[in-house]
Amino acid sequence: MPANPIRSTRLAQDPAPKHSPLVPTVVVASYKGGVGKTALTVALAERLAWAGLRVLLLTCDSQEDARHRLGVQSSEPQVARRTYGS
C-alpha cells in the first residue's frame with residue numbers, strides 16, 4: 001500500500017521542497033540486521049531489470065553481499081554493470 005501524504009496539495013505559505021526525486025525511487029532499510037534487506041533488494045532490482053527498466057542499485061554494506069548475489073567478482077571495479085534481457 002503506498003503511503004499517502006497528510007495533505008494532497010501544497011499551501012502558499014509552505015516552504016519549497018529541498019529536492020524532489022527525478023525518477024521513481026525505492027528504499028529498503030531497517031536498523032535490524034539479518035531480516036532480508038539485501039535479498040529483497042537484489043530480487044527486486046533483477047526483476048525490474050528483466051522487465052526492461054534501467055535500475056541503479058546502491059549498497060552501503062561492507063560485506064558486499066549484494067555484489068556477490070548479482071555475480072559481481074571481487075576483481076571487478078566498485079561500479080559494475082549488468083545487462084538483462086535483449
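**A tour of the surface patch and the salt bridges**

Begin by selecting Val-26, Val-28, Leu-40, Leu-44, Leu-48, Leu-53 and Val-55, which form a nonpolar patch on the surface with about 550 Å² of accessible area together. Such patches are made of residues with over 30% relative accessible area and no salt bridge, where like charges are joined within 9 Å and nonpolar side chains (Val, Leu, Ile, Met, Phe, Trp, Tyr) within 5 Å. Accessible areas come from the Shrake-Rupley method with a 1.4 Å probe, and for residues only the protein chains shown count as cover.

Before going on, note that this is a predicted model, in which local features need pLDDT of at least 70 and side-chain atom pairs count only at pLDDT 80 or more, while totals for chains, interfaces and linings use all residues. Residues are numbered from 1 along each chain as its sequence is written, and side-chain values use heavy atoms, with hydrogens and water left out.

Helices (H or I, at least four residues) and strands (E, at least two) are DSSP runs, numbered from the N terminus. Is Leu-44 buried, partly exposed or exposed? Leu-44 is partly exposed, because its relative accessible area is 33% and buried means under 20%, exposed over 50%, and partly exposed in between (1.4 Å probe, protein chains only).

Now turn to the salt bridges, of which there are three; a salt bridge is a side-chain nitrogen of Lys or Arg within 4 Å of a carboxyl oxygen of Asp or Glu. Side chains of opposite charge can pair when their charged atoms come close.

- Select Glu-64 and Arg-67, whose side chains meet in a salt bridge at 3.5 Å, N to O. Glu-64 is partly exposed at 32% relative accessible area, whereas Arg-67 counts as buried at 11%.
- Select Arg-69 and Asp-65, whose salt bridge is 2.9 Å, N to O. Both residues lie in helix H2 (residues 65–69), four residues apart, about one turn of the helix.
- Select Glu-76 and Arg-82, which form a salt bridge with their closest N and O atoms 3.0 Å apart. Glu-76 is partly exposed at 24% relative accessibility, and Arg-82 is partly exposed at 32%.

Finally, show the whole protein chain, whose secondary structure comes to two helices and zero strands. Of its 86 residues, 8% count as buried, and the chain exposes about 8100 Å², with carbon and sulfur atoms supplying 57% of that area.
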